[in-house]
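Here is a friendly note to read alongside the model. Please keep the picture open as you go through the points.

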Amino acid sequence: MITTKRDATTNAEIQKNGLTALKESLGVTDMLRFLEQFDHGGSGDYTAEKYEKDELEPSDEEIRKMFGF
C-alpha cells in the first residue's frame, strides 16, 4: 500500500509539464511533429454526422421527470 502523500496536480499543470518535457527532449519542431500525430480533427462532416443518429426528442413527461416535476 502506498503511504506517501502525493501533491495534487491540476490538468493544466500536467499539460504544461508534459509540453515542457517534450520540448526539452525533442526540440520545438519534433515536439510539434509528435503532437500532430494525435490530431485527427478536421476529418469527416460533423454537421451531417451529428444528425445520423435517430435519437428521439424526450417527451414532455420525460422532461418533467428529469427535473422532478
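Predicted model: local features only at pLDDT ≥ 70, side-chain atom pairs only at ≥ 80, totals over all residues.

1. Residues are numbered from 1 along each chain as its sequence is written, and side-chain values use heavy atoms, with hydrogens and water left out.

2. The protein has four helices and zero strands, in the order α-α-α-α from the N terminus. Helices (H or I, at least four residues) and strands (E, at least two) are DSSP runs, numbered from the N terminus. Of the 69 residues, 1% are buried (under 20% relative accessible area; exposed is over 50%, partly exposed in between, with a 1.4 Å probe and protein chains only).

3. Look next at H1 (residues 11-26) and H2 (residues 28-36), which pack at about 125 degrees with axes 7 Å apart. Axes are lines fitted to C-alpha atoms, for helices over the stretch in contact, and angles run from 0 to 180 degrees between N-to-C directions. The two helices are therefore oblique to each other, because angles under 35 degrees count as roughly parallel, over 145 as roughly antiparallel, 65 to 115 as roughly perpendicular and the rest as oblique.

4. Which residues of H1 and H2 meet? Leu19, Leu22, Lys23 and Leu26 in H1 touch Val28, Asp30, Met31, Phe34 and Leu35 in H2, where contact means heavy atoms within 4.5 Å.

5. Phe34 also has a ring partner: Phe34 and Phe38 form an edge-to-face aromatic pair, 5.2 Å centre to centre with 70 degrees between the planes. Rings of Phe, Tyr and Trp (its six-membered ring) pair if their centres lie within 6.5 Å; planes under 30 degrees apart count as stacked, over 60 as edge-to-face and the rest as tilted. Phe34 is partly exposed at 31% relative accessibility, while Phe38 is exposed at 55%.
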